[in-house]
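Hi everyone, thanks for coming. Please have a look at the structure on the screen, and I'll walk you through a few spots in it.

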Amino acid sequence: MGKPSDLVQGTLDLLILKTIALEPKHGWAIAKRIQQISCDVLQVQQGSLYPALHRLEQKAWIKAKWAETETGRQAKFYSLTAAGRKQLEKEAANWGRLSSAINLVVETS
Amino acid sequence: MAWIHKLWIRLRSLFRRGRFAKELDSEIQFHLDELIAENVDAGMSPEEAKYAAMRGFGNSTWLKEETREAWGWMWLEQIGQDVRYGFRVLSNKPGFTAVVILTLALGIGANAAVFSVVNSVLLKPLNHPKAEELVALHQAAPGAAGLADFHNGLLLSPSMYFTYAEQNRTFQSVGVWITGTANVTGLAEPEQVRTAEVSDGVFQVLGTPPEVGRWLSAADQIPRGSETVMLSHGYWQRRFGGDRAVMGRNIVVDSRPREIVGVMPKGFRFVDADFDLIRPLAFDRGKLNLAGFGFHGIARLKPGATIAQANADINRMLPIWMDSWSNGPGQNSHIYEQWEITPMIRPLKQEVIGNVGELLWVVMGTIGLVMLIACANVTNLMLVRAEARQQELAVRTALGAGWTRIVRGLLVESVMLGLMGGAIGVGLACAGVRFLVTIGPANLPRLDEISIDARTLGFTLVVSVLSGLLFGLIPALKYAGPRPSLALRSAGRTISVSRERHRARNLLVVGQVAMALVLLVSAGLMIRTFEALRTVEPGFTDAQHLQLMRISIPYSVIQEPERVARTQHGVLDKLAAIPGMQSAGFVSEMPMEGFEPGWDEIFIEDKVYSADLIPPLRLYKYISPGFLQTAGTRLVAGREMTWSEVYSQQPVVMISENLARETWGTPSAAVGKHVREFSNMPWDEVIGVVQDVHEKGLQERAPEIVYWPPLVRSPFVPVVRTVTFVMRSERAGTEGFLNEVRQAVWSVNSTLPLASVRTMQEVYGKSLARTSFTLVMLGIAGAIALTLGIIGIYGVISYTVSQRQREIGIRLALGAQGGDVLQMVLRQGAKTALVGVAIGIAAALGLTELMRSLLFGVSPQDPLTLASVTALLILVALLASYIPARRAMRVDPAVALRYE
């Protein structure tokens, strides 16, 4: 589906899809989660999350719903669609192949 | 399914952009608030926390734009912005905008109008079911001298029709038809109506169902069978008020009652012929021979059959035709092989359009050139505008607009101009089409079908957008192209203007001059054609004082040939008594009147003919004594016949000068010689030789003609029953005169209707209609082109002068004389014009070849026309440069240099 995304953009897409795979999250929570899990290694400029989120929404991989947060404010919660779940599997597999290949190259030479 | 969902998302983001934008704002605000809260928790002051959060988040305006772009409608939003911006810019300069829109509206309107004519006449299929299968059975016969001379080629004979209809392998159906006239009596006044006579098969070929009743069927074609007739829609409305009960009623046509069986719908024609009544031809098979080539053949091809196959099929059938029929016992049926009859079947549409196609394409091309010239002028205006807007563009570039965005903005502006011009142009075209239809040549086919339809509107839209792109692209690329900007340098006041910056404008003017030259040369060639036609002696004189009318005396009214002639003679005597009548006579048909003349083999005394060598066909006419003098046709040698010779059936005949010269060398040598129509008839003595007459129009060669007296000893046509009466009088065409003429005719026989009442001038004018129509169209186009060209040259030269004011000031300060400056500017104008003229001449030499068929007596490369148009254009160019040159001469060096 669609054109193959370039590495950086594709990686951000993968991170977003993976982050909301378990439960719907709003933009702020997605940014926090990515930061936490990667132990602050992946420092995404937080704003650049939003163009990516809207692009994924246009591709119908994620959908959004306004809901209340635990602090009682209205926020937009993103969750995976069926197509998004498939895309996640594909991109995860791709990533796995790519990283192990790079590992292989880096370690053997 | 997935794509529907995606489409839904896309459309939602298009139509709810406003709400989406608000949601995005609150989404980002929420994120920032959370970030600030976190920072405050980490111990920052609220102020510090806010700035840290904004830093951490990034440029939110830019990010919002990025996000909106992700919705995929950014291009549309930007074009919307461009359109709004364009409107503001254009309404800021109402004068400029109005001039541009009007120029375009004129150009586009003229193009749309002419295109609607081209579309309706040339492009749209004929108004019959599956019209692409329809063909005209056209035949060439180079061996049949005069018969195939005119555009009809060799028409079909009835026996040919039967052979083709019964033996063919490539047609679904075949039919023949002719036009004629008939007298209808018993309704109101006796009336002469136009008829179409059709064989079986004609309706099956055309396929258009009747509006009421039924077609004429095979049963109606039985000779001396039931007498039936069909009506045209127009005649049905006019005479019977569209009453359906009229089916089955009888009307009296040529004194015979005929039953009305059907009505054909509005707009139905036989090829290009209009009619009132349709009668069956009802050929009597038993009496047919090979000859009688007088019928138009049409056919419907079998699905998939090609014209080449059909031609081969006719070729195969021609020998069958010659074997199956004869011209009588002892006659060689294969003499027609000498005629080299060659089938040249063509699409019926081509037959309908006739020779008007070339004319319309020439007019279309002309109007297209005018449009290009108009575009060139608008481009020039746009260039000047763009120059003035450089600062604005530089500011926009400095503020971060990409050059593609600026070019797009400029193009949106010019396309908007084009569309507005187009919108007004469609309105003009509607009026223009009405105008064209009224001034159009009377013989323009399918005139009633001309309308502005969807295709014309589409064409107009395309022309509008294309012209917008055309005149917008040059300034846009020139001033907004990617280049290290001149930036905000102060308006270039002190920059002397380089040659390079004028190149585009000069090129445009060169193009304009070249195109104007082509148009003026075409118009000039038409003027020369008109002049050449005026010098042709048509074979009659003083056409506006010649009154014509047609009178037919049917067999049912008067049977005996001699009584017919005496009645016609009686009418002449009554006419001669009308006050102001100089003389009167009659003839079987006047030149250019549009009635088919007769052709026959004419045998010449002392020439040896064998069964295999048939004499060439000659056109023949019947004339009354006194006709030649009335029409103003000169007698070259010998004398006219007299009424006593007519009644006593003296074997006398007159011939045309060219026939006399061809046969006996000189006109006077022909007098006293003999000719005859059939090999078994007595000889007729040539008593007079008559000036050549341009029978089919001034552009056509005058044919060789034989003039019989109205009463002849022929077994076939002993007397000519339908004739054109010709009267010479100063009062011709006036109402009072015509009333007296009618009374004179009815005092002889009250049942005779008068038809085709008109002056010879009307007939003559119609034959010139094509030429004068082309002349008017090209004249208008040439005048517009010349005007636009003058404006173009004037604009460029005066703009250059205003830009070079300081330079001229310096020259004058350094001692140049006013005359030098004048010369310098004039030289520039002349140079531009000369280059344009040179290119124009080259183009004209090629392009005018396309209008060769419209010309007469002048070569498409006529040196006189070329030279005078060239001189005119150079003179006009010098005049147009003279005004700005005078201004340049008067530049005050002190004023010009004050600001340096």
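Let's start with a pair of residues in chain A: A:Lys25 has A:Tyr78 as its bridge partner, and A:Tyr78 sits in β3(A). Before going further, keep in mind that this is a predicted model.

That bridge belongs to a pairing of two strands. β1(A) pairs with β3 of chain A, residues 74–80, in the antiparallel sense, over two bridges. If you're new to this, strands of a sheet pair through backbone hydrogen bonds, and the pairing can be parallel or antiparallel.

Now, in which order do the three strands of the sheet in chain A lie? The order is β1-β3-β2, in an open sheet with antiparallel pairing. β1 (25–26) and β2 (62–68) of chain A are at the edges with a single partner strand each, so each of them has one side without a neighbour in the sheet.

Stepping back to chain A as a whole, we count four helices and three strands. Along the sequence they come in the pattern α-β-α-α-β-β-α. Chain A has 109 residues, and 40% of them are buried.

Over to chain B, and to its surface. B:Trp3 is part of helix α1 of chain B, which covers residues 2–15. Is B:Trp3 buried or exposed? Its relative accessibility is 60%, and exposed means over 50%, so B:Trp3 counts as exposed. Together with B:Ile4, B:Leu7, B:Leu11 and B:Phe15, B:Trp3 makes a nonpolar surface patch of about 570 Å².

Next, the empty spaces. Rolling a probe the size of a water molecule over the atoms shows where empty space is left. Searching the whole structure turns up six cavities of 30 Å³ or more. The largest cavity holds about 130 Å³ of space. It is lined by 14 residues, and the closest to its centre are B:Met382, B:Ala386, B:Arg389, B:Leu410 and B:Glu413. Three helices of chain B, α12 (356–388), α14 (403–439) and α15 (454–480), each give at least two residues to that lining. Which helix gives the largest share? That's α14(B), with four residues.

One last stop: B:Glu560, in the loop between β13 (546–552) and α17 (561–576) of chain B. With a relative accessible area of 41%, B:Glu560 is partly exposed. From B:Glu560 to B:Ala37 we have 523 residues in sequence and 123 Å in space, C-alpha to C-alpha.

Note on methods:
Residues are numbered from 1 along each chain as its sequence is written. Chains are lettered from A and ligands numbered from 1 in the order in which they are written. This is a predicted model: local features need pLDDT of at least 70, side-chain atom pairs count only at pLDDT 80 or more; totals for chains, interfaces and linings use all residues. Side-chain values use heavy atoms; hydrogens and water are left out. Patches are made of residues with over 30% relative accessible area and no salt bridge: like charges are joined within 9 Å, nonpolar side chains (Val, Leu, Ile, Met, Phe, Trp, Tyr) within 5 Å. Accessible areas come from the Shrake-Rupley method with a 1.4 Å probe; for residues, only the protein chains shown count as cover. A salt bridge is a side-chain nitrogen of Lys or Arg within 4 Å of a carboxyl oxygen of Asp or Glu. Buried means under 20% relative accessible area, exposed over 50%, partly exposed in between (1.4 Å probe, protein chains only). Two strands pair if DSSP finds at least two bridges between them. On a 1 Å grid over the protein atoms alone, a cavity is a set of points where a 1.4 Å probe fits but cannot get out, and a pocket is an open set with protein on both sides within 12 Å along at least five of seven lines; lining residues have an atom within 4 Å of a point. Grid points are joined across faces, edges and corners, and a volume is the space filled by probe spheres set on the points.
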